[in-house]
Amino acid sequence: MSLWLGIFIASIAVYSWKLLGYVVPKTVLDNPKIAKVASLLTISLLAALTGVQMLTSGSKIEFDARIPALLVAAVLLAFRVPFIVMVAVAAGAAALIRLVF
Amino acid sequence: MSRFSPVATMSVGVGFATGLYGISFGALATTAGLDVWQTQVLSLLMFSGGSQFAFIGVIAAGGPAAVGAAVISAWLLGVRNGFYAVSMNPLLEIFGWKRLVAAQLTIDESTGVSTSQESLKDKRAGFWITGMSVFIFWNSMTLLGAVLGDALGDPKQWGLDAAAAAAFLGLLWPRLKERQALAVAALAFFVAVVTTPALPAGVPVMLAGIVAVVVGVLNIFERKGKGE
């Protein structure tokens, strides 16, 4: 699949969830079990993406400057620092560590 | 003091703050291998931060061969928007083309601002103003970030690989309030990392999604006596 085609299919797929919520009868999706699985699905995918982005390069597990940068990010999140500042500081921390070592 | 109602002020504020991290999305997308146009189309058409970051994250890890996995990851991360739509539907009471527009604007922030309002009038205003503000700021900041990212060169030198991980952590953080959520996050993190050497790019992330379905259906790791 080409990248462009993937972008369009993924966009339609994401939009279809949004529209689905407006057109299906409330009773179908208003089930506590389904809502719970959906909420846990979001959490698991975000956690998996964090892990892959933090500890892997290509198909290898790799420990590098990203680990201390993410520790810094976690501390900033705990202190409720705004998202964009947290992301920028994490990038800066990794860049600095790579520059020094 | 202000000419604007409190709900309008809040909505535009949330829109601006959210829009700002469109810069990080734009920069990370171009360093992941998308061009400026592809990056911009994602923000215009997909318009859901989590799904967009997931899409480019899988492409960054697996390159063009991982497009299929990127599509599925983005799609699965979009499921929560469907539940937001279910809760917005009875409040908005709209039909026809307005419903198509509302659907596109149904995201974390518009739903969040809307449901935190007291009156029906403010709930509706909060949804529409927040949704439109996020759309405008998110898309203009995506363009800025994409152009900047294109000019940066080696993403690792600028720590942009760490920034991508931090972005996912930032999206995840506010959802980790309960024990079950923490357990699922830890398991998913572990499963995705340890299976990466053995599986094609993007597949470990989907495998982690199965963890959520199993835990949710069996309802394990739930604190006893809670929710009864």
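Modeller: Helix 5 (residues 67-77) of chain B packs against helix 12 (residues 203-218) of chain B in this predicted model. The angle is about 30 degrees, and the axes lie 9 Å apart. The crossing of helix 5 of chain B and helix 12 of chain B is left-handed. From helix 5 of chain B come Ala69(B), Ile72(B), Ser73(B) and Leu76(B). They meet Val203(B), Val205(B), Met206(B) and Gly209(B) of helix 12 of chain B. By class, the residues of this contact are six nonpolar and two polar, with no charged residue.

Now the chain around that pair. Chain B has 12 helices and zero strands. From the N terminus on, its elements therefore read α-α-α-α-α-α-α-α-α-α-α-α. Of its 228 residues, 54% count as buried. Take the contacts in chain B between residues at least 6 apart in sequence: 71% of them join residues at least 24 apart. The C-alpha atoms of chain B fill a box of roughly 55 × 55 × 35 Å along the principal axes. The radius of gyration of chain B is 19 Å. A compact globule of 228 residues would have one near 17 Å, so the value for chain B agrees.

Next, the partner chain. The contact takes 80 residues from chain B and 64 residues from chain A. On the side of chain B that touches chain A, helix 10 (residues 160-172) of chain B gives the largest share, 13 residues. That side of chain B divides into 55 nonpolar, 20 polar and five charged residues.

One residue of chain A shows the contact in detail. Ala69(A) sits in helix 4 (residues 66-78) of chain A. Leu96(A) is 27 residues from Ala69(A) in sequence, and their C-alpha atoms are 9.7 Å apart.

Last, helix 1 (residues 3-23) of chain A. Its 21 residues, at 1.5 Å a residue, should span 30 Å; the end C-alpha atoms are 30 Å apart, so the two agree. The buried residues of helix 1 of chain A are Gly6(A), Ile7(A), Ala10(A), Ser11(A), Val14(A), Tyr15(A), Trp17(A), Lys18(A) and Gly21(A).

Note on methods
Residues are numbered from 1 along each chain as its sequence is written. Chains are lettered from A and ligands numbered from 1 in the order in which they are written. This is a predicted model: local features need pLDDT of at least 70, side-chain atom pairs count only at pLDDT 80 or more; totals for chains, interfaces and linings use all residues. Helices (H or I, at least four residues) and strands (E, at least two) are DSSP runs, numbered from the N terminus. The radius of gyration is taken over C-alpha atoms; the globule rule is 2.2 Å times the number of residues to the power 0.38. A residue is buried if 20 or more other C-beta atoms lie within 10 Å of its own, exposed if 12 or fewer, and partly exposed in between; C-beta atoms are placed from the backbone. Two residues are in contact if their C-beta atoms, placed from the backbone, lie within 7 Å. The expected span of a helix is 1.5 Å times one less than its number of residues. Axes are lines fitted to C-alpha atoms, for helices over the stretch in contact, and angles run from 0 to 180 degrees between N-to-C directions. A crossing is left-handed if the near helix is turned anticlockwise from the far one by less than a right angle, and right-handed if clockwise. Ala, Val, Leu, Ile, Met, Phe, Trp, Tyr, Cys and Pro count as nonpolar, Asp, Glu, Lys and Arg as charged, and the others, Gly among them, as polar.
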